[in-house]
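Hi,

Here is the structure I promised to pass on. Have a look at it first, and then read on for what turned up in it.

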Amino acid sequence: MLKTAVGRFRFVALLEGWSFLILLFIAMPIKYLGDWGLPVTIVGAAHGGLFVLYMITLLLATISARWKLGRVVGAVLLSFVPFGTFWLDARIKRDPA
């Protein structure tokens with residue numbers, strides 16, 4: 001999976017997706033229900049770094065695989081949707097071109 005630009009993008013997309021879910025469904029409830037903001041600080045920083053890495057690897061995969069603009073815009077938009085990167089990964093796995 002990590003041998004190609006698309007494979008590296010898929011890997012980072014999965015990490016970014018997991019960090020987003022952990023932020024939304026674990027860290028944020030702890031902050032607002034438990035009145036403890038440290039998990040959001042830690043997970044939010046990790047998620048932010050992974051999001052930047054997601055965008056960089058998306059650019060590299062786009063150049064390498066010559067993806068069309070529609071796929072790139074879809075990948076950017078899906079990064080803002082919970083479970084979106086997992087759906088994107090399944091789609092890329094099925095049709096990498």
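One term before anything else: a residue is called buried when its relative accessible area is under 20%, exposed when it is over 50%, and partly exposed in between, using a 1.4 Å probe and counting protein chains only. By that rule Glu16 is buried, because its relative accessible area is 0%.

Please keep in mind that this is a predicted model, in which local features need pLDDT of at least 70 and side-chain atom pairs count only at pLDDT 80 or more, while totals for chains, interfaces and linings use all residues. Residues are numbered from 1 along each chain as its sequence is written, and side-chain values use heavy atoms, with hydrogens and water left out.

**Overall picture**

The chain has four helices and zero strands, in the order α-α-α-α from the N terminus. Helices (H or I, at least four residues) and strands (E, at least two) are DSSP runs, numbered from the N terminus. The C-alpha atoms fill a box of roughly 45 × 20 × 20 Å along the principal axes. Of the 97 residues, 36% count as buried. If we take contact to mean heavy atoms within 4.5 Å, then among contacts between residues at least 6 apart in sequence, 64% join residues at least 24 apart.

(The expected span is 1.5 Å times one less than the number of residues.) Its buried residues are Pro39, Val40, Val43, His47, Leu50, Tyr54, Thr57, Leu58, Ala61 and Thr62, and they pack against H1, H3 and H4. Just after H2, Arg66 takes a positive phi of about 55°.

H4 covers residues 84-94, and in it Gly84, Thr85, Leu88, Asp89 and Ile92 are buried. Seen down the axis of H4, these buried residues fall within an arc of 135°, so they line one face of the helix; the arc is that of the directions from the helix axis to the C-beta atoms. An α-helix has 3.6 residues a turn, so residues three or four places apart point the same way. The buried residues of H4 pack against H1 (5-34), H2 (38-65) and H3 (69-78). On the face turned away from the buried side, H4 carries the exposed residues Lys93 and Arg94.

How many salt bridges does the structure hold? There is one, where a salt bridge is a side-chain nitrogen of Lys or Arg within 4 Å of a carboxyl oxygen of Asp or Glu. Arg10 pairs with Asp89, and the closest N and O atoms are 2.5 Å apart. Arg10 lies in H1 and Asp89 in H4, so the pair ties together parts that are 79 residues apart in sequence. Both Arg10 and Asp89 are buried.

**Glu16 and His47**

Back to Glu16, which is found in H1. Setting aside residues up to four places away in sequence, Glu16 touches His47, Leu50, Phe51, Tyr54, Ser79 and Thr85. Glu16 and His47 are 31 residues apart in sequence and 6.3 Å apart in space, C-alpha to C-alpha. His47 belongs to H2 and is buried, with a relative accessible area of 12%. With the sequence neighbours up to four places away left out, His47 touches Glu16, Ser19, Phe20 and Leu23.

**The surface**

The chain exposes about 6,100 Å², with carbon and sulfur atoms supplying 74% of it; accessible areas come from the Shrake-Rupley method with a 1.4 Å probe, and for residues only the protein chains shown count as cover. A nonpolar patch on the surface is formed by Trp18, Ile22, Phe25, Ile26, Ile30, Trp36, Leu38, Ile42 and Phe83, with about 940 Å² of accessible area together. Patches are made of residues with over 30% relative accessible area and no salt bridge, where like charges are joined within 9 Å and nonpolar side chains (Val, Leu, Ile, Met, Phe, Trp, Tyr) within 5 Å. The largest share of the nonpolar patch, five residues, comes from H1. Trp18 sits in H1 and is exposed, with a relative accessible area of 52%.

Best wishes
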